[in-house]
Amino acid sequence: MSRRAFILGGSGQIGRAAALNLLEAGWEVTVGQRHGELPQVLAGRVTVTVLDRDDDRALGDALARPFDAVIDTVAFKAVHARQWLALQDRLGALAVISTGSVYVDDEGRSLGGGATYPVPMSETQRRAPASDADYSSNKVAMEDALLSGVRAPLKILRPFAVHGPGSRAPREWWFLAQILRGAETIPLAFDGESQFHTTATANLAELARVALEQPGVHVLNAADPEALSVAEIGAAILAAMGSEAALAPFAGPPRGWKGRTPWSVETPVVADLSAAAALGYRPVTDYAAAAPALCAALVEQARGKDWLSAFPGLAAYPPQMFEAPPAKSPPLSAMVQLAKA
């Protein structure tokens, strides 16, 4: 008899990868989300339950029949943890997606505040204080609430710079926007050596499945097998697009917006993956292998659209990062409409 899984946020970037992974392993999958639409790759293969995750009754009704495993891709606050604590007798096991941004360095500095982390950084690294102040501190509060009251097998997964089909905020667009404009050179600050560990959704999904099959409570970093430099990431994207643009690293921090990328960090952010490996996890892809399909999907997703409507999550970044074109280049919107025409 097939095992049954419920994925909250099942049609999102992480949810779709988790659903595909479980389907391929023979699981029956139900996805819970705000709407009934599904990515084409999941259509006809999963059951859809339409609900608002903040509606406790609706979530309880969705789990009226127990599931062997639940994966929550949209747990952002302590209240979301308390929902699962109230329902945990209906869960065979629970995996919740947190974030690598919960970590602070030994001086209490965060990822965006000049932190200097150990290389690699383990799951025992100091975390930000739990609060409702921002995204990361809310995630810490969510983790703490689960860890303090859970009885069911629990897996807390901490991905880093996530990439994969279906993203609303793809960092890769920083390179793709310049390639599609016809840029001849692409400047990179910090000599192109910034390391901000990436996490393919396919690898995150594989880790979730492997971890859910293990008893007990585990907190696990989730990342790709190697922490590439931003220059190596750029080279993979250029190769995937068949672009002849040249990377132009320069020393020191960005000069205004020049050389500033979504992976630009002054000191390395590299995850220790030994805890995941000890559970039997093995990556299913790496960044270079994933880049061609990802880039093709992003270009298609942006076809005929303004980049911000195609990727609304990029509103979190200053627009100057994506809008400063090379001299005499055509508008980005025109280039995107022409791409692969």
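Student: Which residues in α9 do Ile233, Ala236, Ile237, Ala240 and Met241 in α7 meet?
Tutor: Before the names, a word on the source: this is a predicted model, where local features need pLDDT of at least 70 and side-chain atom pairs count only at pLDDT 80 or more, while totals for chains, interfaces and linings use all residues. Residues are numbered from 1 along each chain as its sequence is written, and side-chain values use heavy atoms, with hydrogens and water left out. Helices (H or I, at least four residues) and strands (E, at least two) are DSSP runs numbered from the N terminus, and contact means heavy atoms within 4.5 Å. On the α9 side, the residues met are Tyr287, Ala288, Ala291, Pro292, Cys295 and Val299.

Student: Are α7 and α9 parallel, perpendicular or oblique to each other, and why?
Tutor: Two packed helices are described by the angle between their axes and the distance between the axes. Axes are lines fitted to C-alpha atoms, for helices over the stretch in contact, and angles run from 0 to 180 degrees between N-to-C directions; for α7 (residues 230-241) and α9 (residues 287-302) the angle is about 55 degrees, with axes 8 Å apart. Angles under 35 degrees count as roughly parallel, over 145 as roughly antiparallel, 65 to 115 as roughly perpendicular and the rest as oblique. The relation of α7 to α9 is therefore oblique.

Student: Which handedness does the crossing of α1 and α6 have?
Tutor: Helix α1 (residues 13-24) packs on helix α6 (residues 201-212) at about 55 degrees, with the axes 8 Å apart, so α1 is oblique to α6. A crossing is left-handed if the near helix is turned anticlockwise from the far one by less than a right angle, and right-handed if clockwise. Where α1 passes α6, the crossing is right-handed.

Student: How many charged residues are in the contact of α1 with α6?
Tutor: From α1 come Gln13, Ile14, Ala17, Ala18, Asn21 and Leu22, and from α6 come Thr201, Ala202, Leu204, Ala205, Glu206 and Arg209. That contact has 7 nonpolar and 3 polar residues, and its charged residues number 2.

Student: Which residues are linked with Arg209 in a network of salt bridges?
Tutor: Side chains of opposite charge can pair when their charged atoms come close. A salt bridge is a side-chain nitrogen of Lys or Arg within 4 Å of a carboxyl oxygen of Asp or Glu, and in the pair of Arg209 with Glu213 the closest N and O atoms are 3.5 Å apart. The network links Arg209 with Arg3, Glu206 and Glu213.

Student: Is Arg209 buried or exposed, and why?
Tutor: Buried means under 20% relative accessible area, exposed over 50% and partly exposed in between (1.4 Å probe, protein chains only). Arg209 has 15%, so the class of Arg209 is buried.

Student: How many residues apart are Asp89 and Arg151, which link distant parts of the chain?
Tutor: The side chains of Asp89 and Arg151 meet in a salt bridge at 2.7 Å, N to O, and both residues are exposed. Asp89 is in the loop between α3 (78-87) and β5 (94-97), and Arg151 is in the loop between α4 (135-149) and β6 (154-159); their separation in residues is 62.

Student: What is the phi of Asp191, which is not a glycine?
Tutor: Phe190, in the loop between β8 (185-188) and β9 (198-200), has a positive phi of about 55 degrees although it is not a glycine. Asp191 is found in the loop between β8 and β9 too, and its phi is positive, at about 60 degrees.

Conventions:
Ala, Val, Leu, Ile, Met, Phe, Trp, Tyr, Cys and Pro count as nonpolar, Asp, Glu, Lys and Arg as charged, and the others, Gly among them, as polar.
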